[in-house]
Amino acid sequence: MIKVLKDFLTHKEISILNEWTDQNHDQNFFQDAEMDIYYPKTRFTTRIVNTNEESISAVVEYPEEAYQIQKRIQQYFNLNNILYPPTFRNGIVNGIGFQNGSICKHSDPMYYENTITVHCNFITQKPVAGGVTIIEDHEYDIEEGDMLMYAVSELNHEVTPIVGTKPRILWCYGFCLNLEKAKEIFK
Ligand SMILES: [Fe+2]
């Protein structure tokens with residue numbers, strides 16, 4: 001249940017998204033993801049850490065282009081009546097990772113019964129080295145603008161430590177898909 005689509009984003013979209021992250025990651029709607037026990041404060045995300053923080057997340061307003069990309073994903077896979085992960089603001093999470101930051105091995109929750117949680121991930125800024133996604137022990141070293149789509153509730157995944165001072169910027173689109181739809185997409 002893994003799929004890679006090359007060059008899903010345009011160069012213009014990539015630069016708009018990165019600029020938005022550069023300008024906003026110091027705001028309080030970015031919080032420490034706490035996914036690296038050895039290097040705290042190396043990754044910040046707009047994902048709601050717990051429900052008490054919903055009010056903080058509610059002030060996030062992503063750029064229009066972020067929503068256009070979401071629409072394009074939904075059209076591409078013919079996704080209708082979509083449920084988004086409840087911890088995502090309008091189905092979207094933005095993250096920024098700094099030097100040494102990694103994400104330990106985990107799988108994500110299934111939020112609704114009989115669904116599979118799927119993430120469509122885009123690295124819009126690649127670090128000099130590292131920051132590579134590993135799914136079930138296989139590396140997926142995608143390029144800026146490529147889409148890495150996979151069933152995060154079914155597959156263990158982790159991200160290797162970021163090397164160098166250039167941060168890794170990730171845009172994640174989450175979908176809670178029913179089993180038939182997931183099967184159709186990953187067949
Ligand atoms: Fe995850």
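Modeller: A residue is called buried if 20 or more other C-beta atoms lie within 10 Å of its own, exposed if 12 or fewer, and partly exposed in between, with C-beta atoms placed from the backbone. This is a predicted model, in which local features need pLDDT of at least 70 and side-chain atom pairs count only at pLDDT 80 or more, while totals for chains, interfaces and linings use all residues. Residues are numbered from 1 along each chain as its sequence is written.

Biologist: Is D137 buried or exposed?

Modeller: D137 is found in the loop between β8 and β9, where helices (H or I, at least four residues) and strands (E, at least two) are DSSP runs numbered from the N terminus. Its phi is near 70 degrees, a positive value in a residue other than glycine. With 9 C-beta neighbours inside 10 Å, D137 counts as exposed.

Biologist: What is the phi of E136?

Modeller: E136 also lies in the loop between β8 and β9, and E136 is partly exposed, with 13 other C-beta atoms within 10 Å. Most residues other than glycine have a negative phi. Although E136 is not a glycine, its phi is positive, at about 45 degrees.

Biologist: Which residue is the bridge partner of I135 in β9?

Modeller: Strand β8 covers residues 133–135 and is joined to β9 by three bridges, the two strands running antiparallel; two strands pair if DSSP finds at least two bridges between them. In β9, the residue bridged to I135 is H138.

Biologist: How far does helix α3 reach from its first C-alpha to its last?

Modeller: Helix α3 spans residues 64–76, which is 13 residues, and α3 is followed by N78, whose phi is positive, near 55 degrees. The expected span is 1.5 Å times one less than the number of residues. The reach of α3 is close to that expectation, at 18 Å.

Biologist: Which residues does M149 contact, leaving aside its neighbours within four places in sequence?

Modeller: M149 has its place in strand β10 (residues 147–151) and is buried, with 22 other C-beta atoms within 10 Å. Taking contact to mean C-beta atoms, placed from the backbone, within 7 Å, M149 is in contact with K3, V118 and C120.

Biologist: How far apart in space are L83 and V159, C-alpha to C-alpha?

Modeller: L83 sits in the loop between α3 and β4 (92–97) and is partly exposed, with 15 other C-beta atoms within 10 Å. Beyond four places in sequence, L83 is in contact with Y112, T115 and C176. L83 and V159 lie 76 residues apart in sequence, and their separation in space is 26 Å.

Biologist: What radius of gyration does the chain have?

Modeller: The C-alpha atoms fill a box of roughly 40 × 35 × 35 Å along the principal axes, and 36% of the 187 residues count as buried. The globule rule, 2.2 Å times the number of residues to the power 0.38, concerns a radius taken over C-alpha atoms. For 187 residues a compact globule would have a value near 16 Å, and the chain agrees with this, having 15 Å.

Conventions. Two residues are in contact if their C-beta atoms, placed from the backbone, lie within 7 Å.
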